[in-house]
Amino acid sequence: MAIVELKDVKKIYPLGKTEVHAVKGVSFEICKGDFISIAGPSGSGKSTILNMIGCIDVPTEGTVMINGTETGGLSDKIITDLRHEVLGFIFQSFNLIPVLNVYENIEFPLLLGKSKMTKVEKSDWIDMLIEEVGLKDWSNHKPNELSGGQRQRVAIARALVTKPEIVLADEPTANLDSVTSDAIINLMKKVNRDLGTTFIFSTHDPSIVGVADHIIRLRDGLISENYRQDDARACRE
Amino acid sequence: MPVLFRIAIRNLRQHSSKSLIIGIIMIVGVLILVVGNTLINTIDTGIERAFIDNYTGNVMITGATRADISLFGVRSPGGLEETPTIPDYDLIKEHIEQMPNVEAMTNQITGFGIINIEKADEDKGPYMGLLFGIEPEQYQELFRNAQIVEGQYLKPGDEGLIMSQTNVDMMNEIFEMEPAVGVGDKILITAPGSAGFKIREVEIVGIYKLKHESEAASYISYIDAQTLRVMKGMNLGNQGEVDLSEEETSLLSTDSFDAMFEVDAFSGEAELDFEMTEDNLFSILDLDSADDEEAVVDADEIFADDTADAEAVSAESSTWEYLLLKTDTNRAAARVITELNLWFAENGINARAQDWKAAAGPFSTTADVIRIVFNVAIILVAIVAIIIMTNTLVINVVERTAEIGTMRALGAHKGYIRSMVTTEIFTISVIFGFVGMLLGILVLYIIGWIGFEATNPFLEILFAGPVLKPVFSLFSVLGSWLIVIVIGMIANIYPLRLALKVQPIKAMMSE
């Protein structure tokens, strides 16, 4: 079943008196549990597509559907709830809250809405995530006391804390060295395998594109290649 | 600790320079408010005490007037409206005596007189004096602030006047008398009344000094009510009816005073050109020669019957312009005033009850004027402070755009962002406001400890005594803190709007 579906999506940004056609009509499906890479050079439209899937930007034309629901026209409140409950975000620049420590940063999304977990369950779950990302000894440290790789690990744990169905990662390794990049991608892959979370990440680094089991290549706002490792043409029911 | 407070406090530390700018503004703001409000309260209390204790009481009752009335008269344009006497005085007095909150009352008549001294050089003086006609016993019971430093207080039934030391000093300065004017000396008072100007010679029986200084009170001279009534033409004794014969009436109705005094009273030679005999004239005017026994007896007979005078004097004792009340507490005064005005309306009595400020008239406005000036200054300072704080908070929001965008992307509703930004400014306001409040109290404590002395009577009024001792008011101190918190919230309106406009996509713009 397609967890994300884009139909003829276009995005035009005004730039002074001219317009920038960032996405020129893109359609594809992402299946539940996919580990998908949206690849392409800078300016190809991969971040724009990621933003529209993440409901933090809206298409100029076309439709974006999450779990069969068209996101266009939803109220700010419903969209915010959707982001909180269904989506997790990993940012290129980590975007950790500077005044909160590792534990608090990971805990933060849980404080934004009602959670079914008890206080103890929450605590255990956060501790487990911290351990899983290898930051057990760093939980009381602030982001500025961590390396880039450690920060991105915190961001991954934060993205997973609400147990979202989809995690969106915008160039998660762009600010990391190659060794750390590999470690981060492997961690994401492990979570994808263990928890069945759908990962959608954008990158222009050819070395990590290959890790994905579904690759969408973009060029000038259009799909140049839509390739699945398992060669399936549609999502399985 | 809730995460919002955690974020707020840590953000204060994180953005310490901006927090400090806002904090210092708040500290200074609360400091000014606490010190200023407390000093104004001190002045207020001092003035209120000086007026209520010295001469207004808590409640003033007068006859109804169109213009404002104080103990110094009616403030009508051109002074055309006269101070009315209190209508149904006895009925009102009887009603007040039954009011539980009224501790004491006294009556008063107010007049102004040109004070002169007969023996003084013609080019010296005169000066205008303020006269309060009182019933000494009642008045002293209500206003115990006047301490006799020389002579004695007025005694019931006696004529005379007591003057303040300030007044006596001023009089001696003006008239340059040697020896100085003092107790036992007589002064001439010329006062305007309903029947023109009247001159009375009045003896100074005492000199007083005020326990609590008051600018206006120190210029008051207290005179026996009956003398002031006569001077103001209020004495009903002159209105007693006397039966006159036709001839006597004819004489009094003549408009030719020259003709009347063409009679030589000593020689007895008359050159009257009207139909009036010399005897008739002398029987009325009692200007007959000493050897005309019959005429004297006739005159005595005329004035022997004093029934009408007695009635008039009795009526006079109920002729007052003011009735001043002291209530058991200052707070009770407002209730008493309301009750009295309702009672006047219900009973069709054309009288009015007002508070001490109305009674004190223009003199009570000192504190109000100071408070207005202070408040205007505070408003101006607050506007500047709001602008500076708004700018600082806007910079803060702009710098944190990515952070706010990230929160929105992670699922924070606008309400959460509103709470977060508001909590931050609230926390700053509370913390720095508290510091400002403590500093304000410390400054006031230091002022009290130093003990600034009042170097003149005006300052003595403002300081509510010879030394400035700030009167702390918890309400005022906490109120100042609250005002600064509100100012912080006002300064936060625009930055908050900016924060709420931050879209989640701004999270992607972080570098």
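Start by selecting B:Asp88, which sits in the loop between strand 3 (73-74) and helix 3 (89-97) of chain B. Keep in mind as you look around that this is a predicted model. B:Asp88 isn't a glycine, yet its phi is positive, about 50°. Is B:Asp88 buried, exposed or partly exposed? Count C-beta neighbours inside 10 Å and you get 17, so B:Asp88 goes down as partly exposed; the buried label takes 20 or more.

Now hop over to chain A and pick A:Asn95. Here too a residue other than glycine has a positive phi, near 50°. A:Asn95 belongs to the loop between strand 6 (87-90) and helix 3 of chain A. A:Asn95 counts as buried, because 25 C-beta neighbours lie inside 10 Å.

**All of chain A**

Zoom out and colour chain A by secondary structure. You'll find 7 helices and 10 strands in chain A. Of its 237 residues, 45% count as buried. Take the contacts in chain A with a separation of 6 or more: 70% of them are between residues 24 or more positions apart.

**A sheet in chain A**

Four of them make an open sheet in the order 2-1-4-5, paired antiparallel. Which strands stand at the edges? They are strand 2 (18-31) and strand 5 (69-70) of chain A; each has a single partner strand, so one side of each has no neighbour in the sheet.

Select residues 2-15 and 61-66 of chain A: these are strand 1 and strand 4, running antiparallel and joined by 5 bridges. For one spot to look at, find A:Lys7, which has A:Thr63 of strand 4 of chain A opposite.

Then follow strand 4 of chain A to strand 5 of chain A, an antiparallel pair with 2 bridges. A:Ile66 has A:Thr69, in strand 5 of chain A, as its bridge partner. These two strands form a hairpin with 2 residues between them, and A:Asn67 there has a positive phi near 50°.

Pick A:Leu50, in helix 1 of chain A. A:Leu50 counts as buried, because it has 21 C-beta neighbours inside 10 Å. What does A:Leu50 touch, once neighbours within four places in sequence are set aside? Its contacts are A:Ile38, A:Leu168, A:Asp170, A:Ile200 and A:Ser202. Draw a distance from A:Leu50 to A:Ile200: the pair is 150 residues apart in sequence, yet the C-alpha atoms are 7.9 Å apart.

**The nonpolar cores**

A:Ile200 comes up again at this stop. The largest nonpolar core has 100 residues, and the ones with the most contacts inside it are A:Ile106, A:Ile130, A:Ala157, A:Leu168, A:Ile200 and B:Val30. Highlight helix 2 (residues 16-56) of chain B to see the largest share of this core, 9 residues. Back in chain A, select A:Ala157: beyond its neighbours within four places in sequence, A:Ala157 is in contact with A:Ile106, A:Leu129, A:Ile130 and A:Val133. Apart from this core there is another, of 63 residues, including B:Met60, B:Tyr89, B:Tyr208 and B:Val336.

**Where the chains touch**

Show both chains together. The contact takes in 21 residues of chain A and 20 residues of chain B. On the side of chain A that touches chain B, helix 1 (46-53), helix 2 (76-86) and helix 3 (102-111) of chain A each supply at least two residues. Helix 2 of chain A gives the largest share, 4 residues. Colour that side by type and you get 10 nonpolar, 7 polar and 4 charged residues.

**Last stop: helix 12 of chain B**

Select residues 332-346 of chain B. At 1.5 Å a residue, the 15 residues of this helix should span 21 Å, which agrees with end C-alpha atoms that are 21 Å apart. Show side chains for its buried residues: B:Ala333, B:Val336, B:Ile337, B:Leu340 and B:Phe344. Look down the axis of helix 12 of chain B and these fall within an arc of 100°, so they line one face of the helix. Strand 1 (59-63), strand 4 (102-116), strand 11 (322-327) and strand 12 (351-355) of chain B are among what covers them. Turn to the other side of the helix for the exposed B:Thr338, B:Leu342, B:Ala345 and B:Glu346. Finish at B:Gly348, which follows helix 12 of chain B and has a positive phi, near 65°.

How values were computed
Residues are numbered from 1 along each chain as its sequence is written. Chains are lettered from A and ligands numbered from 1 in the order in which they are written. This is a predicted model: local features need pLDDT of at least 70, side-chain atom pairs count only at pLDDT 80 or more; totals for chains, interfaces and linings use all residues. Two strands pair if DSSP finds at least two bridges between them. Two residues are in contact if their C-beta atoms, placed from the backbone, lie within 7 Å. Ala, Val, Leu, Ile, Met, Phe, Trp, Tyr, Cys and Pro count as nonpolar, Asp, Glu, Lys and Arg as charged, and the others, Gly among them, as polar. The expected span of a helix is 1.5 Å times one less than its number of residues. A residue is buried if 20 or more other C-beta atoms lie within 10 Å of its own, exposed if 12 or fewer, and partly exposed in between; C-beta atoms are placed from the backbone. The arc is that of the directions from the helix axis to the C-beta atoms. A nonpolar core is a set of buried Ala, Val, Leu, Ile, Met, Phe, Trp, Tyr and Cys residues joined through C-beta atoms within 7 Å.
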